[in-house]
Amino acid sequence: MGKARALILLCAALGLCHCRLVTVPQGPLLRVEGQPLSLRCDVEDYEGPSEQDFEWKVIRGTESMDVISTFDPKFSDRSIKERISSGDISVSRLGDNVVELRIIEARIADSATYRCSTTSTDSVYSGNYDADVQLKVVPNSLLVVPDAVNRVIPEGGSFRLVCNVSHDFLEGIHLSFTWSVIKGPSLSQDLLTVGPGVGVTVGNGFTQRYADGAMRLELGNGASHSVVLSGAMPDDQGMHTCTARLWTREQGTWKKIQEKTVEMGDVTVTPAANSLSVEVQKDSTLSSGESLILNCSVTVDGLTSVDLEVTWLLNDTRVLARSGRDGVLSGASDAVDVRRLGKWDFQLKVPRVDTTDAGFYSCKAIVWIHHSSGRWYEAAEKISAPARVHVIKHNPDFTVVLSSTLTAKFSGDPTDLECKVLNVSNLHSGRLGVSWLFKDGYDPFYGRTVASLDENGTLVPGKTYASRVEVGLITVTRVEPYAFKLRLLHTTHEDVGEYSCGVTAWIPSQHEKWKKTTEILSPALEVSFTNKSPVLGVVAQRLREATASGSTFEMSCRANTQNLPPGTALSVVVLSEVSVGSSSRKLASLGPEMVLKLENWTESARKDGLTLIKTSKTEFQFRMSGVQVTDRGFYSCEMIAWSKASGDNWMEMARGVSNKVQITFEHRGPSFDVSISSDTLSVFPWETVKMECDVRLMGTLPTTDDVAYELKWFLSRLKGSSRASLLAGVDRWGVVHKTPRNDSSDCSLERLGPRKFTLNIHSAQDSDGGEYHCTVTPWIQSTGTSVWSQLPEVTSKKIFLNVKFAREYTPVMRNTNNI
């Protein structure tokens, strides 16, 4: 082959048109005794007819022997004519320029150098006309012996396929193993192949199974290797075989030179459903309140690596509980207990049964097996024969008595009621709960629940009593196993009326935690105060009248009380109204512990001018200095009587509101007016608009007083609309505030004089059109008292701004070329 390539390169260098090239496989070639072999010979770049003739010779040392020719039947040596005539040695034409020397059964004596020659049909002798390849035939030493395989495998089980292979070691020869299964006359699947070399090839359909470890390779000591399959399925049935192959490397690729296949055994997989058995114990009879215990036993022949899902059923359709194959319990109430006693044994427990638990109980088992694909699949399902359960009923019975153990004398005192359960029978492991009911004298036919203790002893407040129960003003407790107490920590007039207690018996149930069976209501009990109800009256009286802005106003609040217990405390709140019937505003308050609090009072500069003090046990005094015009209105007092019978919480006993005292005086100071620059303005887009707001002083200010103005500008985009938006303003300290704008125009404020203000609209747009007006709030400071007084707000008339549209304003374009 090296000489042939050199000839080709030489021909190319000389620029010749034709350079005959004869090629055979690159040797040496290894073959196995008794196996077929073939040697190919090609010729290229030749002249003459397209069909070429070939001759094969064998060369051993210096001797050569003619083997076979494509054109001369007498070419063969006499020593091999018998093999040729029997067809053991033949030559086959694969094409006009390709032939193949074939030997059906190779012999050790066939080892030699084989030469393929072609006769010349070229006009010029060039290239090579023959090529040699060395062939070595080795003895047939390959031996394949399988181990016996288990013929019958349970579904989900495992089986091992052992293949023993031996052969004489020769350099250049490699071995491979293949395990296969034959499922029919024409269906064979490879499970796994090892080699040639160090690689492992998994058959189609078994990749996931191999990746999951359900099919694994166990390499032995070089002669014995195994494939183990777990999680057997019916699809694994069939005749399993082992194939050993010998390989050699030729021209960079693997060449198979021998193959032997042996049968390992016919495997049958038995379905799990054939041996699945599910059983539940026999029928039983229980009394109400006893516990039901049922055991379920599951068996599957030959299976160990499986998972079970067990479902307990009542009357074939009602699912009581389901234990998944992962052990997670689902679909069960808290009253049902399911346990796994062992790999194949399960238990259902229903504590404290009642008549609703009677019926037919059965156990359904599902066998899950791990699929070779990595998924779990349902292999078998079976339901046990039902076990019948009878339950005999015995309801609890008792009587209820209600009594008062502590009666309130005054509002705010505690009241205790006791509810006793007598003559209890058939309660067994049941529980008692209580509900406290109340009816007042206003609607004796309508009762409401104060609070309850449920079957678990949890306190459940009634809807209208929730807040009092949450803070502990109402408590419900179990003082003895069969006695309950209701305590009203601070009894009020709203608590006077009829009380009764309802006792409920609860027994265990399978479907709920507890089931209500018996409910008995006690006779009603009247609850009222032993002393008369407290009364609180309040009188307000003017002590000092405010006669002008800046003067002082004083008012007293006096309480008239009746039937108040010792230790009662009073609180007061001073209220103001602009007019009789309008909403009131809280100014200041003193709580029962005499802590002063300024309520809805926002003028921080005047907070020191507002005082509220207690002058006697039942009287308070309110003072407001520096009265302003905006303080005119009606003032009153609201007082509350509080009791602190126990704990740290104050409880209201009585409430009263006084008469109203008015602050009224005429404002004798100067008055103000506001004027605006004009009624209508018209501008073009992008121009600047100026609008002036003049404050006119009507009258004179005292020379010792100072005045400041708070100014605001408003815009209404619709003419005549009462809704206007704030644009900008300046407070009495001179600080300017502007509302954020989305337009491209902007606005600014200027102060042109002591009482003249200007609004500027820069780069006016269509959206700036509309009605504008300003408001002014004068503030006067008295030099003598340094108190600022706010005067009523004054509003100007409205000015309409018209921003002309583009069609009204068209700039004149001049043609400079005609000038």
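Let's begin with the aromatic rings: the count comes to 6 aromatic pairs, where rings of Phe, Tyr and Trp (its six-membered ring) pair if their centres lie within 6.5 Å, and planes under 30 degrees apart count as stacked, over 60 as edge-to-face and the rest as tilted. This is a predicted model, in which local features need pLDDT of at least 70 and side-chain atom pairs count only at pLDDT 80 or more, while totals for chains, interfaces and linings use all residues. Residues are numbered from 1 along each chain as its sequence is written, and side-chain values use heavy atoms, with hydrogens and water left out.

A pair of aromatic rings is described by the distance of the centres and the angle of the planes. For Phe553 and Phe622, the centres are 6.5 Å apart and the planes stand at 65 degrees, so this pair is edge-to-face. Phe553 belongs to strand 42 (residues 553-562) and Phe622 to strand 47 (residues 619-624), so the pair ties together parts that are 69 residues apart in sequence. Strands here (E, at least two residues) and helices (H or I, at least four) are DSSP runs, numbered from the N terminus. Phe553 and Phe622 are both buried, a word that means under 20% relative accessible area, with exposed meaning over 50% and partly exposed lying in between (1.4 Å probe, protein chains only).

Phe553 has another ring partner. Its ring centre is 5.5 Å from that of Tyr635 and the planes are at 40 degrees, so this pair is tilted. Here too the pair links distant parts of the chain, since Tyr635 sits in strand 48 (residues 633-643), 82 residues from Phe553 in strand 42. Phe553 has a relative accessibility of 0% and so counts as buried; Tyr635, at 4%, counts as buried as well. Together, ring pairs link Phe553, Phe622 and Tyr635 into a cluster.

Arg249 lies over the face of Trp254, 4.7 Å from the ring centre, and Lys343 lies over the face of Trp344, 5.3 Å from the ring centre. For a charge to sit over a ring, NZ of Lys or CZ of Arg must be within 6 Å of the ring centre and within 35 degrees of the ring normal.

Now step back to the whole chain. The protein has 4 helices and 62 strands. Its radius of gyration, taken over C-alpha atoms, is 57 Å, well over the 28 Å that the globule rule (2.2 Å times the number of residues to the power 0.38) gives for 819 residues, so the protein is more spread out than a compact globule. Along the principal axes, the C-alpha atoms fill a box of roughly 160 × 125 × 40 Å. Of the 819 residues, 42% count as buried. Among contacts with a separation of 6 or more, 60% come from residues 24 or more positions apart, where contact means heavy atoms within 4.5 Å.

What does the UniProt record place at residues 33-126? The unreviewed entry puts the feature "domain: Ig-like" there, and also at 139-263, 271-365, 396-522 and 670-795; such annotations may be inferred rather than shown by experiment. Over residues 33-126 the chain is 5% helix and 45% strand, with its end C-alpha atoms 39 Å apart.

With 6% relative accessibility, Tyr709 counts as buried. Leaving aside neighbours within four places in sequence, the contacts of Tyr709 include Phe672, Val695, Arg732, Phe757 and Pro778.

Finally, look at the backbone in some loops. Most residues other than glycine have a negative phi, and most peptide bonds are trans. The peptide bond from Gly27 to Pro28 is cis, with omega near 0 degrees, and Pro28 lies in the loop between strand 1 (21-23) and strand 2 (29-32). The bond from Gly195 to Pro196 is cis too, and Pro196 is placed in the loop between strand 14 (187-194) and strand 15 (200-202). Asp45, in the loop between strand 3 (37-44) and strand 4 (54-60), has a positive phi near 55 degrees and, at 45% relative accessibility, counts as partly exposed. Asn315 also has a phi near 55 degrees; this residue is in the loop between strand 23 (307-314) and strand 24 (318-323) and is partly exposed, with a relative accessible area of 39%.
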